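The exercises below go through a structure in steps. Try each task before reading its solution.

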Amino acid sequence: MKKLSYVKKAILTAACIALCVVLPMAFHAIPNAGNIYCPMHMPVLLCGLVCGWPFGLLCGAAGPLLSSLFTGMPSMAYLPSMIIELAAYGLTAGLVMRFVHTKRAMADLYISLIAALLAGRIVAGASRALIFASGSYSMEAWITSYFVTALPGLLIQLILLPAIAFALEKARLIPARYPRTA
Amino acid sequence: MSFLPTGSYREGDSVLHRMDAFCKLLCTILFLAGVILSDSFPGYGLAAGCLLAVTLVSHLGPGTALRGVKRMWLFFCLILLMNTAFFETEQIWWEWWIFRFSADGFFQGLQVVLRVAMAMVLGNLLMSTTSPLELAGAMESLLYPLKLIGVPVRDVAMILGVAIQFIPTFSEEAEAIRKAQTARGARFESRKLSEKAKSVVPLVVPVFLAAFRRADELAMAMEARGYRRTKGKISKRRRHLSRRDGIGLLLCSLFGAAEIML
C-alpha cells in the first residue's frame, strides 16, 4: 500500500473525530469505563500517529467540541482544558512519529505514544495551573489526577493503540511504516 | 436506537429550521455567552424562559430538547450533592463527619447544574435543527478569519461535515458490535482491571476497523470523482440574511445584554 493521500488523511481524520463522539457513548454502557479507559484519547492519538500532526491537532481540537455539542460531555466547564490536552496529544503524536525513525515500527509507535501522553499531560497541567485554575492548582494535584488515577487508562492505551494500529495495517487500511521489500 | 446521539438532525419546517445556519451558530454563541455570564436566579429564569420559547418555536418538543439532560440526571444530582456537602462557607445547615451541608453550597451546585443543562439543550437545539451540510458551511464561514494564518478552512469544514455525518453510522455499528461481543461472552462488567482490559479489545478494535473501512471507501469514492485539496485563493461565499435571521441575532444580543444587567 502506498502512502496515504491528502483526501484519505482528511477522511480518516473525520472518522477519528466521529469516534471521539461515539466511543465514549459506547464505553458509558460499561460501568466506570469512561474514567478508566479515557476513550476519547484513543482516536486522537491514532489520528496523530497515522495522519500526521496537522490532522492530529484538528482531531484533538474538534473531537471534544463535537462530543460536547452532541452528548453534553465533556461539559462546557471542562471543554477548553480538554481541547488543549487532546490537541497536544494529536500534535505531539504526529510530530514525534514524523521525526523518529528507528527502523522498527513498534519502537516508533511506542516512542511517539509515550512522548504524546507525557506532552499532553504537561500541557494540560500547565494550562490548568496558568489559566483555568490559576493559583489553586498544585503539583500534587497534577500528579494525582494525570498519573496516579489515570494509570490504568495509560497502561490500557499503551496496550490497545499499537494493537489497533497493527490491526489496521493488517487489514490494509493504513500503509505499513516500513514496507517489506521483496 | 438506544445510544443514538441526542443532537442528530431532525427534518422540519419551523422558523429555527429555516434560519441561516451561520446566523444560528452566532445566535448559539451569543446565547451561550449570556448563560455563562448570568449569575443570579432572575437571570437563569430569563434564560430558561427564552430556551423554552426557542424549543416551542423549533417544533421539536420539550421531550426531545431535554433528552440529553434527562440522561445526565445522576451526574447532576452528584454535582448538587458534592457542592452542598463540601462548599466552604460560614453558614452551615448541618455538620456531620467531613460533610458540611450549606445553603450556599446548594445554590452554587444549582448554578453549575443549570448552566450545564442549558448549554446542553442549546447544543441539542442547534444540532437538531441544522443539517450537517449547512452546519459545515456555517463552520467554514465562522472559521474564515483563520485563513489569514494559512489554515485551509474549506478542508477543515469538509472534515467536520463528514465527521458529523459519520456519527449516526458509527453509533449503530458500535452498538451492534457491543451486542455481538456481549452475546459471545465478553465480560464488560467485571471488577478486575485485567478482565476489563481484555473485554474492551473485542469492542474497540472492530469499531476502529469498521470506521476506518468506511472512511477508506469514502476517500476512494471522493478521489475517483476528482476531489482534490483546495489550494490558492478561496472566494468567500456570500450569505443572504433574511429578516428572521436579523431578528434572531437581535434577540440573542438583547438576551446577552439583559443577562449582563441582571
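**Exercise 1.** At roughly what angle do the axes of helix H3 (residues 41–58) of chain B and H7(B) cross, and within what distance do they come?

Solution. This is a predicted model, in which local features need pLDDT of at least 70, side-chain atom pairs count only at pLDDT 80 or more, and totals for chains, interfaces and linings use all residues. Residues are numbered from 1 along each chain as its sequence is written, while chains are lettered from A and ligands numbered from 1 in the order in which they are written.

Step 1. Helices (H or I, at least four residues) are DSSP runs, numbered from the N terminus. Axes are lines fitted to C-alpha atoms, for helices over the stretch in contact, and angles run from 0 to 180 degrees between N-to-C directions.

Step 2. The axes of H3(B) and H7(B) cross at roughly 20° and come within 11 Å.

Step 3. Angles under 35 degrees count as roughly parallel, over 145 as roughly antiparallel, 65 to 115 as roughly perpendicular and the rest as oblique. H3(B) and H7(B) are therefore roughly parallel.

Step 4. Their crossing is left-handed (the near helix is turned anticlockwise from the far one by less than a right angle; clockwise would be right-handed).

Step 5. Residues are in contact if their C-beta atoms, placed from the backbone, lie within 7 Å. H3(B) contributes residues including B:Tyr44, B:Ala47 and B:Leu51, and H7(B) contributes residues including B:Leu114, B:Met118 and B:Val121.

Step 6. By class, this contact of H3(B) with H7(B) has nine nonpolar, three polar and no charged residues. Here Ala, Val, Leu, Ile, Met, Phe, Trp, Tyr, Cys and Pro count as nonpolar, Asp, Glu, Lys and Arg as charged, and the others, Gly among them, as polar.

**Exercise 2.** Are H6(B) and H7(B) roughly parallel or roughly antiparallel to each other?

Solution. Step 1. Helix H6 (residues 73–86) of chain B and H7(B) have axes that cross at roughly 155° and come within 7 Å. The pair is therefore roughly antiparallel.

Step 2. The crossing of H6(B) and H7(B) is right-handed.

Step 3. Among the residues that meet are B:Phe76 and B:Ile79 in H6(B), and B:Gly105 and B:Phe106 in H7(B). The contact of H6(B) with H7(B) has 11 nonpolar, five polar and no charged residues.

**Exercise 3.** Describe the packing of H5(A) and H6(A).

Solution. Step 1. Helix H5 (residues 79–99) and helix H6 (residues 105–132) of chain A pack at about 150°, their axes 7 Å apart. That makes H5(A) roughly antiparallel to H6(A).

Step 2. Their crossing is right-handed, and the contact has 15 nonpolar, five polar and three charged residues.

**Exercise 4.** How many residues of chain B are in contact with chain A?

Solution. Step 1. 49 residues of chain B are in contact with 43 residues of chain A.

Step 2. On the chain B side, H7 (103–129), H9 (153–183) and H10 (193–224) each supply at least two residues. The largest share, 21 residues, comes from H10(B).

Step 3. This side of chain B divides into 35 nonpolar, five polar and nine charged residues.

**Exercise 5.** What mean pLDDT does chain A have?

Solution. Step 1. pLDDT is the predictor's confidence in each residue, from 0 to 100. The mean for chain A is 86, and 93% of its residues reach 70 or more.

Step 2. Chain B averages 81, with 89% of the residues scoring at least 70.

Step 3. The complex has an ipTM of 0.90 and a pTM of 0.77 from the predictor.

Note on methods: Contact = placed C-beta atoms within 7 Å.
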